[in-house]
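Here is a friendly walk through a single model, written for someone who likes to know the cut-offs behind each term. Please have the viewer open as you read.

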Amino acid sequence: MALQLGDTAPDFSAATTVGPIRFHDWAGKSWVVLFSHPKDFTPVCTTELGYVARLRPQFDERNVKVIGLSVDTLEAHHKWADDIKQTQGYALNFPLIADADRSIARLYDMIHPQHDELYTVRTVFIIDPGRKVRLTLTYPQTAGRNFEEILRVIDSLQLTDAHAVSTPVNWHAGEEVIIVPALSDADARTRFPQGWRALKPYLRFTPDPRQPAASSELDF
Ligand code: BEZ
């Protein structure tokens, strides 16, 4: 059965471009983005991996380790890394798993046979430091992913883990958030002294609680 949100991300041993790893040990106390791409030496994948290498400092800032996977050999990965650096301007700076026997792809349900019997689709798993799966995404092989969206969701997960809020449509860090409906106004007053604006009793917007308080016109 496919992995679901809240499941423990299965552990595995793997050969990677930075050496052998045991996944949970490698993850340590970090968040993890584990993503599959269909195949080495393919165009969309080449652009994705270069872009993820470019975003690496932003993953680091958020205590996130990134790890890619395709069902190719380590030798192919190393050769392809040269192409990525040459064409994308960024060298691989995160591990790529060589899953030539497809054992990890199967463990994480990354091969969707009705789409492609042999190669993985584009999956993303965001895994928290407690090893729980917090987001899954599945993209077709022909569509490159938006890794800024992955960063945006990590921002939301990390914020909503720490505060009784949710994040509205198209939210980005620093923008207003929603006070969870389960919190009474009395409790919200204590937790959100900066106040909120209520469009409905269940729809209360408050400044991002991590931002310094700014004077504004709020209902409470
Ligand atoms: C690509 O990365 O360009 C790609 C890989 C597999 C199927 C289609 C596109």
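Arg152 sits in helix H5, where helices (DSSP runs of H or I, at least four residues) and strands (runs of E, at least two) are numbered from the N terminus. Arg152 counts as buried because its relative accessible area is 18%; buried means under 20%, exposed over 50% and partly exposed in between, with a 1.4 Å probe and protein chains only. Setting aside neighbours within four places in sequence, Arg152 is in contact with Asn170, Trp171 and His172, a contact being heavy atoms within 4.5 Å. For Arg152 and Asn170, the C-alpha atoms are 8.9 Å apart in space, with a sequence separation of 18 residues.

A word on conventions: this is a predicted model, in which local features need pLDDT of at least 70 and side-chain atom pairs count only at pLDDT 80 or more, while totals for chains, interfaces and linings use all residues. Residues are numbered from 1 along each chain as its sequence is written, and side-chain values use heavy atoms, with hydrogens and water left out.

The buried residues of H5 include Phe147, Ile150, Leu151, Val153, Ile154 and Leu157. At the start of H5, a side-chain oxygen of Asn146 comes to within 3.0 Å of the backbone nitrogen of Glu148.

Helix H3 (residues 74-88) has 15 residues and reaches 20 Å from its first C-alpha to its last, close to the expected 21 Å. Which residues of H3 are buried? They are Ala76, His77, Trp80, Ala81 and Ile84. An α-helix has 3.6 residues a turn, so residues three or four places apart point the same way. The buried residues of H3 pack against H2, strand S4 (64-70) and strand S5 (96-98). After H3 comes Gly89, with a positive phi near 80°.

**Loops worth a click**

Asp128 is found in the loop between strand S6 (122-127) and strand S7 (133-139), and is buried, with a relative accessible area of 10%. A polar atom of the Asp128 side chain lies 2.8 Å from the backbone nitrogen of Gly130. Not counting residues up to four places away in sequence, Asp128 touches Ser30, Trp31 and Arg134.

Most residues other than glycine have a negative phi. Asn63 lies in the loop between H2 and S4 and counts as partly exposed because its relative accessibility is 38%. Arg131 lies in the loop between S6 and S7 and, at 13% relative accessibility, counts as buried.

**Around the ligand**

Which residues surround the ligand? Pro38, Thr42, Pro43, Val44, Cys45, Arg122 and Gln141 do, where near means having a heavy atom within 4 Å. Helix H2 (residues 43-61) gives the most to this shell, with 3 residues. By class, the shell has 4 nonpolar, 2 polar and 1 charged residues.

The polar contacts listed next are pairs of N or O atoms within 3.5 Å; within protein, one must be able to donate a hydrogen and the other to accept it, and residues adjacent in sequence count only if both atoms are side-chain atoms.

| Residue | Polar atom in the residue | Distance to a ligand oxygen |
|---|---|---|
| Thr42 | side chain | 3.0 Å |
| Cys45 | backbone | 2.9 Å |
| Arg122 | side chain | 3.0 Å |

Taken alone the ligand exposes 260 Å², and the protein buries 78% of that; the accessible areas come from the Shrake-Rupley method with a 1.4 Å probe, and for residues only the protein chains shown count as cover.

**The chain as a whole**

The chain has 6 helices and 11 strands, and of its 220 residues 45% are buried. Its C-alpha atoms fill a box of roughly 60 × 40 × 35 Å along the principal axes. Among contacts between residues at least 6 apart in sequence, 64% join residues at least 24 apart. The accessible surface of the chain is about 11100 Å², with 52% belonging to carbon and sulfur atoms.

Methods: Nonpolar A, V, L, I, M, F, W, Y, C, P; charged D, E, K, R; others polar. Expected span 1.5 Å × (residues − 1).
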